[in-house]
Amino acid sequence: MKFYICILLIIRSFQSYSQIADPESLNVFINKPLTVSYSSIDELCLPKVINNAIALKLKVKEYNKSISAQVNFNNINQADVPPGWVTLKLISQDSYNAIINKYETALSSTPTLLFTQPGSTDNEPQFFTFYFDIVLSPQYVFINPSSYNYSITFTMTEQ
Amino acid sequence: MKKLFIVFLFTPVLAFCQRPKDPPVSQSVQGSIVIPPLMSLSVTAMDDQTITMRNMEEMSFGRSIPSFYKLKVKSNKPWSLNVRADNKNFSPSPMGSNNFPTSTLYLKESTESNYTSLSNIPNTIIRSSNNKIENDYLIDLKIGSSLNYNGGNYIANLIFTIGP
């Protein structure tokens, strides 16, 4: 019996070690400056796009992961920000089995699901990259002249 | 019995081996959206901007021309629209009185009832009344009595400006 217990503990130790040594990960890379400046009122009335702004690199193993995003404005009361102003548009990805919730997702101050990445069946790590445009939606009502500092937070959650 | 004992012993070990869910992993990127005060104004006049006083009644009591100007105002903040004439008096071209004041010109937004007299000092004729970025207006024009001035051709330039 001691033998079996020892075997189980050893397996458990290896499992823990492998998770620490080889964790699943999410990394966000900025491809273009994320600062946008408007120079005319006509620009404000049209969508403004930062093409290929962000690359999201995932390393996943056996468990399904949901990826969500939210936007928060640091120096402005969230209520003074037009709803749905900042949108992430998925333009390309190399995952063969990701389940895309929406290709264009308007962000809010709470997490919104972008896509779900199924885990691998053989427990081997898999690497995927998702590329996004940032699209600022056109405005139709007054918006205070100001500098709106924002952060987009991506979160990977195990399902 | 010994096997049963082993199963009982293994149960807590197996439970111990149950893998907890990974904690959520987050990463953020920062950016900035810079919006200065932005405004634009376009003024479209009627095709024929020449106004003729056609009879004695118009000479005496003036003449109104509805929708003489069409304005498109765009702004991301509250605004007011001012108009002024470039001079205190009309310019006779080539003949006419030198003292025909541009204050005989009046403008109003077409849905309003009261005209605003012009001068060479800016006068506000419209203020933003809603929070829409884009608004269109029609402007009515009126010329007051011109009986006291010689017949002739007169020119005045009107300058429309939009500001906070």
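**Exercises on strands and a chain contact**

Strand β4 (residues 80-85) of chain B pairs with β11(B) in the antiparallel sense over six bridges. Two strands count as paired if DSSP finds at least two bridges between them; strands are DSSP runs (E, at least two residues) and helices are runs of H or I (at least four residues), numbered from the N terminus. The model is predicted: local features need pLDDT of at least 70 and side-chain atom pairs pLDDT 80 or more, while totals for chains, interfaces and linings use all residues. Residues are numbered from 1 along each chain as its sequence is written, and chains are lettered from A and ligands numbered from 1 in the order in which they are written.

**Exercise 1.** Describe the side of chain A that touches chain B.

Step 1. The contact takes 43 residues from chain A and 34 residues from chain B; residues are in contact if their C-beta atoms, placed from the backbone, lie within 7 Å.
Step 2. Elements giving two or more residues to this side of chain A are α1 (2-21), β1 (25-30), β2 (35-37), α2 (41-44) and β10 (146-158).
Step 3. β10(A) gives the most, with 13 residues.

**Exercise 2.** Find how β2(A) pairs with chain B.

Step 1. β2(A) pairs with strand β1 (residues 25-35) of chain B in the parallel sense, over three bridges.
Step 2. A:Ser37 stands opposite B:Val34 in β1(B).

Notes. Two residues are in contact if their C-beta atoms, placed from the backbone, lie within 7 Å.
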